[in-house]
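Hi,

Here is the structure I said I would pass on.

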Amino acid sequence: MSLRLSTVILPYRRWHEGGRSAWTRAEQLGFHTAYTYDHLSWRTFRDGPWFGAVPTLTAAAGVTDRLRLGTLVTSPNFRHPVTLAKELISLDDISGGRVTLGIGAGGSGFDATALGQEPWTPRERADRFAEFVPLLDRLLSEDAVSYEGDFYSAHEARNIPGCVQRPRLPFAVAATGPRGMRLAARFGQAWVTTGDPKLYENGTPEQSIQAIRGQAERLDDICAEVGRDMTDLDRVLLTGFTPDRVAPLQSLNAFVEFAGRHVELGFTEIVIHWPIPDSPFAADQKVFEQIAMEAPAQLR
């Protein structure tokens, strides 16, 4: 199977001031999926414009025909499974069944405190995620759901007519620890990693490859434990957070070399950030578009 090349378009531009054009251009360039971050604000973009993921994807669905759309990633930090399910079913309908839900446990950034709560510990995030994903799976697959858990409840929640995609839209589960990987193996259609965050500042690309290989091998073991065919689970690398940073986007050859090393580890989809000037994702737009159009053919 050929490598799928996708992009992340951060929702920092007004729709009629460059926001729309990025999504339509992503389709023209042949990207498999265009994702956006599902945050209330994010890192260095906190004090600038930032728009909501679901409305942005809904707008993108209206100006594209073939491009898949998704979040990378949604988390429990400010989402509840009942209301999220209704929004996702609506988005899946509007897009004609082109939505993928990237989902993760969340972090300790601005989303973690925006609703006035104390940030959860890693253990608390993992506990909530372990309840969030199975409940969302049911809400997107069943007409009516009642559930009473430690963190989330649903009382006769109705989701008729359900997703266009059956039995529900696909989950791409971001995880590096064993609990999250088990959720990916049980409920995911794909597994997502950004690599080992501990290597971002001072690690080397070679160390990153070894760390990602170790993650992939742990996922294989967990798939075997839960009886999941490991070849049935796509593997997605979200780039920009390994020691390579934006170096793979410096040229077509650099990207093909970088991507090829990860294809050898079993990755089926690589996601690159749409260039943003004066940011950690700054890159030459012409080179970026050349990569989009030419790299997949070289990685078959």
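Which strands make up the closed barrel, and is their pairing parallel or antiparallel? Before the answer, one caution: this is a predicted model. The barrel is closed and has eight strands, in the order S1-S2-S3-S4-S7-S8-S9-S10, and the pairing is parallel. On average, neighbouring strands in this sheet are turned by 25 degrees against each other, if you ignore direction.

Strand S3 covers residues 68–74 and strand S4 covers residues 99–103, and the two pair in the parallel sense over four bridges. Within that pair, Thr-71 stands opposite Leu-101 of S4.

Helix H2 (residues 53–63) lies across S2 (33–36) and S3, and runs at about 170 degrees to S3. Helix H7 (residues 252–263) also packs on the sheet, where it touches S1 (4–8), S9 (234–238) and S10 (269–273). The direction of H7 makes about 140 degrees with that of S10.

Then there are the helix-helix contacts, and H5 takes part in both of the ones I noted.

With H6: helix H5 (residues 178–187) packs against helix H6 (residues 205–226) at an angle of about 60 degrees, and the axes are 9 Å apart. From H5, the residues involved are Pro-178, Met-181, Arg-182, Ala-185 and Arg-186. They meet Gln-215, Arg-218, Leu-219, Ile-222, Cys-223, Glu-225 and Val-226 of H6. Sorted by class, this contact has seven nonpolar residues, one polar and four charged.

With H4: helix H4 (residues 122–141) packs against H5 at about 5 degrees, with the axes 10 Å apart. Angles under 35 degrees count as roughly parallel, so H4 and H5 are roughly parallel to each other. On the H4 side the contact is made by Arg-123, Ala-126, Asp-127, Phe-129, Ala-130, Val-133, Pro-134 and Asp-137, and on the H5 side by Arg-179, Leu-183 and Phe-187. By class, there are seven nonpolar and four charged residues here, and no polar ones.

H4 also holds Glu-124. This residue has a relative accessible area of 36%, so it counts as partly exposed. Glu-124 and Ala-105 are 19 residues apart along the chain, and their C-alpha atoms are separated by 9.5 Å.

What about the loop between S4 and H4? Phe-110 is found there. Its relative accessibility is 27%, so Phe-110 is partly exposed as well. Leaving aside neighbours within four places in sequence, Phe-110 is in contact with Ser-41, Trp-42, Arg-43 and Arg-46. Phe-110 and Leu-237, on the other hand, are 127 residues apart in sequence and 24 Å apart in space, C-alpha to C-alpha.

One last item is the S5 and S6 pair. Strand S5 (residues 144–148) and strand S6 (residues 153–158) pair in the antiparallel sense over four bridges. They form a hairpin, with four residues between the strands. Val-145 has Ala-157 in S6 as its bridge partner.

Cheers

Definitions and conventions
Residues numbered from 1 in each chain as written. Predicted model: local features only at pLDDT ≥ 70, side-chain atom pairs only at ≥ 80, totals over all residues. Heavy atoms only, no water. Pairing = 2+ DSSP bridges. Axes fitted to C-alpha atoms, helices over the stretch in contact; angles between N-to-C directions. Contact = heavy atoms within 4.5 Å. Nonpolar A, V, L, I, M, F, W, Y, C, P; charged D, E, K, R; others polar. Parallel < 35°, antiparallel > 145°, perpendicular 65-115°, else oblique. Buried < 20%, exposed > 50% of the residue type's maximum accessible area, 1.4 Å probe, protein only.
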